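Here is my note on the model you sent. Keep the structure open beside the text and check each point as you read.

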Amino acid sequence: MMKKKTLAVVLAAAMTVGMVSGVTVYADADSKTLVVGFDAEYPPFGYMDDNGEYVGFDLDLAQKVCDNLGWELVKTPINWDSKDMELNAGNIDCIWNGFTINGREDDYTWSDAYLNNEQVMVVAADSGIETLADLAGKDVIVQAASAALDALNSDDNKELTESFGSLTENPDYNTAFMNIDSGAADAVAVDIGVAKYQLSQREEGKYVILEEPIQSEQYGIGFKKGNEELKDTVWAEVMKLYEAGEVDKLAEQYEVADMLCLGDEAEDTAAEEEAAE
């Protein structure tokens, strides 16, 4: 009897703390976690900082969503080429990490797009490579199972890819840049946001991004096919954060503000209505 009474007192105290702090306190049976799968070496969207914490635009946004919902966020690093297996096995609830919608529309239940993205080529500044055509006969690196690889393997870029001397898949972009530095590769195909971050962390002026993109695309949050309820719940909170200006703040912090496309549809509709008047 004493144990039950003590437990009741503890629970009552916890509920009081929750009400005072403005944070909902859930009993174990009612608690909710969101397990986000991400590539831990994909800055600025998901990576480990100098303090050993997983951070990034996508992870920080996911944290804000969970804070608003009173959920626990579980950040789960995954091998990017195993993302489908992890999702289908239930090891993760969603893939939220610079995840390209284009070409995968029917493979997942998607949120709306929130970032515009381009696939680009990065080369050494002194390489003499200035255009995609200059990559003929060159050795190109790309991350395994990435959108950049999908872009290079698409019919639209068949001629470009066939012109390469070689196309090699690497597990991460740090390895790719090491290969450029050593002369083992001439170029790396990568998302524009990742390219800008990588160049900002390395010797200034050592690399350049070719102006001509390989492909343009959009990022979304990928949920297991059919999981509409979770998608709707998470996306509703993302939009609340956007309307409150929190998404813009994160985008500025991680230097992806020029990629943000949330609200574009509403702005286009308003412009069309204004033009019609």
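This is a predicted model: local features need pLDDT of at least 70, side-chain atom pairs count only at pLDDT 80 or more; totals for chains, interfaces and linings use all residues.

Is E255 buried or exposed, and what relative accessibility decides it? Try to judge this by eye before you read point 1.

1. **E255.** E255 has 62% relative accessibility, and exposed means over 50%, so E255 counts as exposed. Look for E255 in the loop between α9 (246–253) and α10 (264–276). The backbone deserves a check here too. Phi of E255 is positive, about 60°, although the residue is not a glycine.

2. Most residues other than glycine have a negative phi. A145 is another residue to look at: its phi is near 60°, and A145 is not a glycine. A145 sits in the loop between β9 (139–143) and α4 (147–153).

3. **A cis peptide bond.** Most peptide bonds are trans. The bond from P43 to P44 is cis, with omega near 10°. P44 belongs to the loop between β2 and β3. Find this bond in the viewer before you move on to the strands on either side.

4. **The three-strand sheet.** β2, β3 and β4 form an open sheet, in the order β2-β3-β4, and the pairing is antiparallel. The edges are β2 (41–42) and β4 (54–55), each of which pairs on one side only. β2 and β3 (residues 46–48) run antiparallel and are joined by two bridges. For a landmark, find E41, which stands opposite Y47 in β3.

5. Strands of a sheet pair through backbone hydrogen bonds, either parallel or antiparallel. Here the order is β5-β1-β6-β14-β7, the sheet is open, and the pairing is mixed. β5 (72–77) and β7 (109–110) are the edge strands, each pairing on one side only. At one end, β7 pairs with β14 (residues 222–223) in the antiparallel sense, over two bridges. W110 stands opposite G222 in β14.

6. What lies across β1 and β5? Helix α2 (residues 57–69) does. Its direction makes an angle of about 155° with β5. Strand β1 covers residues 33–38.

7. **β9 and its partners.** β9 is mostly covered, with four of its five residues buried. β9 runs parallel to β10 (residues 166–170), and five bridges join the two. In this pair, Q143 stands opposite N170. β9 also pairs with β11 (residues 187–191), again in the parallel sense, over three bridges. There, I141 stands opposite V188.

8. **D39.** Is D39 buried or exposed? D39 counts as buried, because its relative accessibility is 8% and buried means under 20%. D39 is placed in the loop between β1 and β2. Leaving aside neighbours within four places in sequence, D39 is in contact with G46, I78, W80, N97 and Q143. D39 and T76 are 37 residues apart in sequence, yet their C-alpha atoms are 8.6 Å apart in space.

9. **The cavity.** How many cavities of 30 Å³ or more are there? The count is one. The largest cavity holds about 70 Å³ of space. It is lined by 13 residues, and the closest to its centre are Y42, W80, G98, S146 and A147. By class, five of the lining residues are nonpolar, five are polar and three are charged. One name returns here: W80, which is also in contact with D39.

10. **The chain as a whole.** The chain has ten helices and 14 strands. It has 277 residues, of which 43% count as buried. Now take the contacts between residues at least 6 apart in sequence: 76% of them join residues at least 24 apart.

Definitions and conventions:
Residues are numbered from 1 along each chain as its sequence is written. Side-chain values use heavy atoms; hydrogens and water are left out. Two strands pair if DSSP finds at least two bridges between them. Buried means under 20% relative accessible area, exposed over 50%, partly exposed in between (1.4 Å probe, protein chains only). Contact means heavy atoms within 4.5 Å. Axes are lines fitted to C-alpha atoms, for helices over the stretch in contact, and angles run from 0 to 180 degrees between N-to-C directions. On a 1 Å grid over the protein atoms alone, a cavity is a set of points where a 1.4 Å probe fits but cannot get out, and a pocket is an open set with protein on both sides within 12 Å along at least five of seven lines; lining residues have an atom within 4 Å of a point. Grid points are joined across faces, edges and corners, and a volume is the space filled by probe spheres set on the points. Ala, Val, Leu, Ile, Met, Phe, Trp, Tyr, Cys and Pro count as nonpolar, Asp, Glu, Lys and Arg as charged, and the others, Gly among them, as polar.
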